[in-house]
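Subject: Structure handover

Hello,

Here is the structure you will be taking over. Please open it beside this email and follow along.

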Amino acid sequence: MALPYRWQWRIERWKKSLRTLFGGGDEQPRPKICPACGALVGISATRCHECGTSLTFSLAAASKSLGGLIGGETPITTLILTVNVLLFGVSLLATGRETGALNLFGSISGRILLRMGARQSIAILQGELWRLVMPIFLHAGLLHIGMNSLFFVDIGPQVERLYGSARYLFIYVFTGICSFIASTAWNLWIYGGYGIGIGASGALSGLIGILLAMTSRRGGAYARMMRSQMMRMVGYLVIMALLPIGVDNAAHFGGLAAGFLLGKVMMDREPLNSREHNRAYAMGWTAGIVVVACMVTMVVHYLRPS
Ligand SMILES: [Zn+2]
C-alpha cells in the first residue's frame, strides 16, 4: 500500500527518533540549526554561540523536538484536530455506555459533556476555571465537530503559517478562553447560569478576528482577498445570531473581539530573532501547559466518584 508522502516522511521521523531513543545512533551527525535564532551550530554544540540558547534543555529545543515529532508544516493545527477527535471519540463511547447503544450520528450526552468540562456558569463561579478551557475541545455531535473541523483546516494553517506555531497556539487558547468568559457572563445574565456550553467555534471566531485585524493593517492582493473572506465569515456569524438555531453567540462574538484586539497588539509575522522566538515559545508553552493542566483536572474530576 502506498502511503501519502507526508506520512512516509512522518514514519521515517518516528523510526529515526525511536532508533536514537534506544541508542542505535547509526547516523552521521550533522550540523544543527539553532531553533531560537536560526544560526548554524556545531555537531556537538550544546549551546548556541550566537544567542546563547541551550540546544538541549530550553523551550526552543523542546518546541523543535515536539514539532519534529508531530511533523508537517502546521503541527499545532494537527495537534488540536487530534485532541478534538480523541475527546469526541471518548465522549461518544461514554455516551454509548450511558445509553446502552453506540450511535455515531447521535448527540453526545449532556451529562457526559458536563463531566468532561463543558462550560457550566455556576460551577465556574464556584472555582472550576478549567471549564473555561476544556469546552474549546468538546463537541455535541458529528455534525458539530465536522463543521468546525472543516472551517478549522481551512483557516487554522493560514494563521499558523502567518504567526508561527507557538504564537498560534497562544492565540487559539487565549481567544477560546475569552469566548467562554463572554459565554459564561451572558449565560448568567440571561439564563441565570442554567445549561452548558461547548465547541471550538469561539476559538475559531478568534482566528477570524485576528485575521481581520491583520488585514486592516496590510495592503496587497492577499490581504484584500483574506479581508473579504473574513468579512463574509463575520456575515455568517451575524446571520447565525439572527436565526433561532441556538448557537452560542456570546462565545462567537467574544472570541471574535478577543482575536481582533490580540491582532492589534501582536506582530503579524513569524518571530525573527532569538528574543522574539523565545518570547513566542514562552507564550505557546504557557498556553499548552494551561491546557494540559485543565485536562488533568478534568480526568481527576471525571474519575472522582460522584
Ligand atoms: Zn541561537
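A residue is called buried when its relative accessible area is under 20%, exposed when it is over 50%, and partly exposed in between (1.4 Å probe, protein chains only). This is a predicted model, in which local features need pLDDT of at least 70, side-chain atom pairs count only at pLDDT 80 or more, and totals for chains, interfaces and linings use all residues. Residues are numbered from 1 along each chain as its sequence is written, and side-chain values use heavy atoms, with hydrogens and water left out.

S183 sits in helix α7 (residues 165–191). Helices (H or I, at least four residues) and strands (E, at least two) are DSSP runs, numbered from the N terminus. With a relative accessibility of 1%, S183 is buried. Contact here means heavy atoms within 4.5 Å. Neighbours within four places in sequence aside, S183 touches R119, D248, A250 and A251.

S91 belongs to helix α3. S91 is also buried, at 1% relative accessible area. Leaving aside neighbours within four places in sequence, its contacts are I108, I112 and M116. From S91 to W130 the C-alpha atoms are 17 Å apart in space, and the two residues are 39 apart in sequence.

The zinc site

Which residues coordinate the zinc ion? They are C34, C37, C48 and C51, each through SG, at 2.3 Å. Donors are N, O and S atoms within 2.8 Å of the metal (3.2 Å for Na, K and Ca); water is not among the atoms, so sites may look incomplete. The zinc site is tetrahedral, with angles of 106 to 112° among its 4 donor atoms.

The donor spacing in sequence is C-x2-C-x10-C-x2-C. C34 is in the loop between β1 (32–33) and β2 (40–41), and C51 is in the loop between β2 and α2 (59–70), so this pair ties together parts 17 residues apart in sequence. Are these two buried or exposed? C34 is buried, at 2% relative accessibility. C51 is partly exposed, at 27%.

Helix lengths

The expected span of a helix is 1.5 Å times one less than its number of residues. Helix α2 has 12 residues and should span 16 Å; its end C-alpha atoms are 16 Å apart, which agrees. Its buried residues are A60, A61, S63, G68 and I70. Just after α2, G71 has a positive phi of about 80°.

Helix α8 (residues 201–217) has 17 residues. From first C-alpha to last it reaches 25 Å, close to the expected 24 Å. Of those 17 residues, 15 are buried, so α8 is largely enclosed by the rest of the structure.

Helix packing

Axes are lines fitted to C-alpha atoms, for helices over the stretch in contact, and angles run from 0 to 180 degrees between N-to-C directions. Angles under 35 degrees count as roughly parallel, over 145 as roughly antiparallel, 65 to 115 as roughly perpendicular and the rest as oblique.

The axes of α3 (residues 75–99) and α6 (residues 142–163) come within 9 Å and cross at roughly 170°. That makes the two roughly antiparallel. Residues that meet here include P75, I80 and F88 in α3, and L142, F152 and E160 in α6.

α3 also packs with α7, at about 40° and with the axes 9 Å apart. This pair is therefore oblique. P75, I76, T77, I80 and N84 of α3 make the contact with S165, Y168, L169 and Y172 of α7.

Best regards

Key
Tetrahedral: all angles 85-135°; square planar, octahedral: opposite > 155°, others 65-115°.
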